[in-house]
Amino acid sequence: FPNDATAIRLLADVLSWNRKYGEALALFEVLRAAAPDDTAVRVRIGQVNLWAGNAPAALAEFARVLDPDVTQKDVWADFVAAAAALPERAKLSSEQAKLLGRVAEQLAARESTDPLFLARLGTVFAREGRAADAKPFLD
């Protein structure tokens with residue numbers, strides 16, 4: 001199955017579910033090399049990095065997916081979860097901080113009710129020193 005993208009994807013998913021993150025990421029990188037614009041593969045690379053405890057790599061991957069099209073609602077929770085999982089003293093890059101604001105703007109237009117997502121978003125804003133932005137999500 002070396003050239004079967006579906007089989008590679010399935011094997012990578014199974015490996016990630018079994019916490020074999022390094023092996024899974026290696027296969028997802030093969031898929032990315034074959035189809036660099038495949039958003040689903042890029043999101044899964046971010047997710048596997050997040051599950052593996054590599055929040056900075058996950059955040060960077062989700063940001064690359066969202067930056068050209070912030071309306072991808074399915075990626076918002078992963079992006080915010082990665083930002084919330086950063087080490088306590090870590091800060092978002094200026095681009096990531098701007099993207100967080102763009103996600104919040106999109107969110108306001110769609111009125112999300114997921115309490116975990118909203119709390120994480122507020123927590124990230126607060127950790128970034130943006131109390132006014134955090135307040136609506138933490139009240």
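**Cores and salt bridges**

At 23% relative accessibility, arginine 9 is partly exposed, meaning between the limits for buried (under 20% relative accessible area) and exposed (over 50%), with a 1.4 Å probe and protein chains only. By salt bridge I mean a Lys or Arg side-chain nitrogen within 4 Å of an Asp or Glu carboxyl oxygen. Both residues sit in helix α1 (residues 5-17), 4 residues apart, about one turn. Helices here are DSSP runs (H or I, at least four residues), numbered from the N terminus.

A word on the model. It is predicted: local features need pLDDT of at least 70, side-chain atom pairs count only at pLDDT 80 or more, and totals for chains, interfaces and linings use all residues. Numbering runs from 1 along each chain as its sequence is written, and side-chain values use heavy atoms, without hydrogens or water.

The whole structure has 9 salt bridges. Aspartate 67 is in the loop between α4 and α5 and arginine 102 in helix α6, so the pair ties together parts 35 residues apart in sequence.

Now the inside. The largest nonpolar core has 32 residues, and Phe79 is among those with the most contacts inside it. Such a core is a set of buried Ala, Val, Leu, Ile, Met, Phe, Trp, Tyr and Cys residues joined through side-chain atoms within 4.5 Å. A second, separate core has 12 residues, including Leu15 and Val41.

Definitions and conventions. Helix = DSSP H or I, 4+ residues; strand = E, 2+ residues; numbered from the N terminus.
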